[in-house]
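Take a first look at the two chains below.

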Amino acid sequence: MTATGLSPSENRDLRRVAGLMVPASTEYKVPGADDPKIVADIERSIGRDMGEIHNALAALAGIADLDDAAAMAKAEAFRSAGGPAVAAFERCVLQCYYRDDRVVISLGLEARPPFPKGHVLEQGDWSLLDPVRKRAKMWRDA
Amino acid sequence: MVDVLIVGSGAAGAAVAWSLAETKMRILCLEQGDWQNSSTYPSTGRDWEARRWADFDISPNRRARETDYPIDDSQSAMKIANFNGVGGGTVFYTAHWPRMHPSDFRVKTLDGVADDWPIDYWALEKFFEENDRMMGVSGLEGDPGVPPRHPPMPPLPLGKTGTLYGRTMNQLGWHWWPSDSTIATQDYEGRAKCINLGHCTPGCAQGAKASTDITYWPLALRAGVELRTRARVREIVTNEQGMASGVVYYDAQGEEHFQPAEVVIVACNGIGTPRLLLNSISSRHPNGLANSSGLVGKNLMLHPWPQVRGYVPERNDGDHAPMLSLWSKQFYETDPNRDFVRGYTMQFARGTGVVTEAVTSMSVGALPWGTDHHRIARELIHHRIQVGIACDDLPEETNRVTLHPDLKDSNGIPAAKVDYKIGENTRRMMEHGIARATEILEAAGAKGIYTSRTLLNSPGHMLGTCRMGNDPARSVVNAWGRSHDVKNLFIVDGSTWVTGGGLNPTSTIQAVALYMADQIKQRLATLFD
């Protein structure tokens with residue numbers, strides 16, 4: 001068992017499936033979810049989902065040793081079965097993948113938390129309210 | 001001994017504590033949770049979205065902090081959302097701030113369903129206004145969809161997304177208006193103005209969003225009210241005269257204490273309050289305290305809340321602003337041409353964060369695994385528009401809170417069990433709203449439209465389980481919150497509601513609480529008569 005709570009074989013299977021879920025892309029200049037830094041983040045962040053992740057990896061056991069076609073078929077069978085283990089697995093991968101600096105920057109966003117800088121929100125077109133202001137009272141008095 | 005003991009420091013408990021402070025009575029509030037530290041709120045870290053599924057999950061069962069108590073909602077069509085800590089649910093809400101309409105208090109008279117409230121909108125009006133000043137509301141006067149009100153701050157900007165919605169609603173000829181919100185658009189009473197952190201619901205690190213830990217409580221404490229945290233109340237104790245004599249609670253170390261009081265005020269929300277009363281059994285009250293009507297825990301209303309979302313070609317505000325920006329009252333009032341009575345508020349959301357978009361889209365098959373993942377993700381992220389349908393919820397006795405036979409919290413106190421089904425009138429209303437929301441999204445040019453009929457773990461509105469009324473056989477408390485059975489026991493939270501309205505309840509919960517506190521102050525000499 002690793003310090004994060006997964007066995008070495010679970011770690012290998014997780015990494016393989018994460019890469020099938022979100023592969024690297026040269027077109028978008030992003031790593032896959034099997035990138036070592038992202039996988040380490042996933043393992044560290046499982047937290048409350050550890051039980052379901054164990055369930056998911058039990059269903060996916062041995063996928064790291066399969067060829068690509070067999071691995072994809074096994075992953076697809078896992079995903080199409082649905083259920084809480086699938087939901088937890090997808091969430092655990094995506095919540096770490098989409099906070100990786102390289103991924104965030106590729107989306108045209110800043111790699112930072114919202115606070116303290118915040119964001120700028122334009123006022124928008126307030127003249128759009130003019131026809132609404134002219135409407136009669138809509139609420140019922142009682 | 002204290003004069004007034006308040007259980008719960010959330011929306012209602014804080015407002016009542018502040019209001020009663022001027023009496024100079026000795027007031028103590030017991031809160032099972034902690035004070036919150038805004039510097040640790042999710043938006044301060046890179047894991048801000050992930051924490052919505054962890055220590056800031058809206059479900060107490062998943063969040064599972066030491067300060068939470070479990071709720072069995074396995075038999076409920078909607079899952080329970082709450083927050084336990086100083087400020088209660090106001091720490092953990094979207095800050096959307098509609099008021100109940102005058103018609104919401106007269107549903108039997110106007111629409112022939114449920115019951116009228118024993119109070120009306122106009123009795124509450126000055127308390128709505130007072131509460132808007134205390135919480136700090138931004139908004140815009142002149143809305144033909146709601147009664148006049150006077151928000152002390154200008155509204156949140158429309159932004160790109162609000163402008164798109166406004167243009168679309170004008171095209172359809174339907175009402176829309178910038179929402180009232182308890183997000184400060186100017187520096188206000190010690191609160192810094194909003195800087196668009198975007199993730200308002202799980203606590204505002206900027207302090208722009210009003211929660212009672214930063215609005216009512218500082219003033220109440222300065223006025224002499226005592227607030228004791230990590231104090232979890234097990235039961236209310238009564239004496240031989242049939243009056244409440246105090247409460248038994250556990251401190252952070254699990255030590256049991258008895259706190260005597262002249263008056264007990266319960267403000268634990270529509271689930272916590274009936275749970276406490278049902279746990280307060282004795283030989284004098286074998287079915288739970290204040291329960292001679294048998295209605296404690298019954299008539300639970302949770303506000304079914306379909307969401308319809310779609311994706312427009314242009315990039316919009318996404319999660320770079322407060323989530324909610326506009327409302328529509330086009331379908332709020334009863335229309336005899338529809339196949340349901342009552343109605344709903346439409347809420348217009350700006351979008352979601354990147355992680356939330358990816359997770360929610362993958363969960364419904366809209367975001368694939370594999371090589372196409374990145375292309376589709378870029379069509380979804382910050383392209384979402386979403387309309388929520390806040391449906392009126394009518395009371396049904398079969399929708400109820402009871403005590404779980406086995407499940408207990410960390411102090412061994414029996415947990416609440418929730419049984420809730422969506423009524424037929426509400427189902428018709430939901431479908432009507434979903435169809436209208438779909439029309440809006442299509443008119444806005446959205447594709448990939450997806451409907452979620454009930455939100456998982458949301459919206460966290462818990463109402464009706466200790467309803468108010470003039471008839472002790474048909475209600476738990478009277479029109480000003482006093483128990484019919486126990487003359488020094490008051491309930492001031494959303495559990496006193498007779499009907500649910502089709503909107504977020506916090507503004508009205510607090511207005512009712514301030515009204516009840518005012519009634520108590522006016523009746524001090526004869527309070528127990």
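Which residue of β12(B) stands opposite B:Tyr344? B:Cys391 does. This is a predicted model, where local features need pLDDT of at least 70, side-chain atom pairs count only at pLDDT 80 or more, and totals for chains, interfaces and linings use all residues. Residues are numbered from 1 along each chain as written, chains are lettered from A and ligands numbered from 1 in written order, and side-chain values use heavy atoms, without hydrogens and water.

B:Tyr344 belongs to β11(B), a strand of residues 344-349. Strands are DSSP runs of E, at least two residues, and helices are runs of H or I, at least four, numbered from the N terminus. β11(B) pairs with β12(B) (residues 384-391) in the antiparallel sense over six bridges. Pairing takes at least two DSSP bridges. β10(B) (residues 324-328) also pairs with β11(B), antiparallel, over four bridges. There, B:Trp327 has B:Gln347 as its bridge partner.

In a regular strand, side chains alternate between the two faces of the sheet. B:Tyr344, B:Met346 and B:Phe348 point one way from β11(B), and B:Thr345, B:Gln347 and B:Ala349 the other. All are buried, that is, under 20% relative accessible area with a 1.4 Å probe, protein chains only.

Now the interface. Contact (heavy atoms within 4.5 Å) involves 77 residues from chain B and 56 residues from chain A. By class, chain B's side has 34 nonpolar, 25 polar and 18 charged residues. Five salt bridges cross the interface; each needs a side-chain nitrogen of Lys or Arg within 4 Å of a carboxyl oxygen of Asp or Glu. A:Asp101 and B:Arg46 form a salt bridge at 2.7 Å, N to O.

Key: Nonpolar A, V, L, I, M, F, W, Y, C, P; charged D, E, K, R; others polar. Buried < 20%, exposed > 50% of the residue type's maximum accessible area, 1.4 Å probe, protein only.
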